[in-house]
Amino acid sequence: MNAAPSSSRGIVLFALGARVARWAEPFERLADKLRAQAGPDTHVALAFLELMTPDLPTAVAAQVAAGCASITVVPVFFGQGGHVRRDLPLVIDACRAAHPGVEIRTSVPVGEDDAVLDALAAYCLRQLGA
């Protein structure tokens, strides 16, 4: 069941997942930073491909239930390996089919953005002085 369209929007950070719960901590911190900066009309969630919950369809369904009219899925991956090229499009297609009145789009993986790479390079250079 789709929620009525609204001005709310959603962002889902999509990561691989792991067996060790601590692995998700940086993603949780990123989600917290986004919530603090995005404003009250933006819903922020985490989703995982495997081994952790919620999965992407569950996270998208929760955002639709919260009234999001558009959802952007941000793959928190460094590049476009098989999970981003093959697995993610299949899950996105299933989410779109389940919520036809909601715009669901994906961004490129974070590691392919020059600003992210610049921040990582700056971090690496700071380590020289550590």
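The predicted model contains an open sheet of four strands in the order 2-1-3-4, with parallel pairing. Strands (E, at least two residues) and helices (H or I, at least four) are DSSP runs, numbered from the N terminus. Two strands count as paired if DSSP finds at least two bridges between them. The edges are held by strand 2 (42-48) and strand 4 (103-106); each has a single partner strand, so one side of each is left without a neighbour in the sheet. On average, neighbouring strands of this sheet are turned by 20 degrees against each other, direction ignored.

Residues are numbered from 1 along each chain as its sequence is written. Because this is a predicted model, local features need pLDDT of at least 70, side-chain atom pairs count only at pLDDT 80 or more, and totals for chains, interfaces and linings use all residues; side-chain values use heavy atoms, leaving out hydrogens and water.

Strand 1 (residues 8-15) pairs with strand 3 (residues 68-75) in the parallel sense over seven bridges. Here Gly10 has Ile71 of strand 3 as its bridge partner. Strand 3 also pairs with strand 4, again in the parallel sense, over four bridges. Ser70 stands opposite Glu103 in strand 4. From strand 3 the chain crosses through helix 3 to strand 4, and this β-α-β crossover is right-handed (clockwise from the first strand over the helix to the second, with the strands pointing away from the viewer).

Helix 3 (residues 82-98) lies across strand 1, strand 3 and strand 4, contact meaning heavy atoms within 4.5 Å. Helix 3 runs at about 175 degrees to strand 4. Axes are lines fitted to C-alpha atoms, for helices over the stretch in contact, and angles run from 0 to 180 degrees between N-to-C directions. Helix 1 (residues 25-38) lies across strand 1 and strand 2, at about 170 degrees to strand 2.
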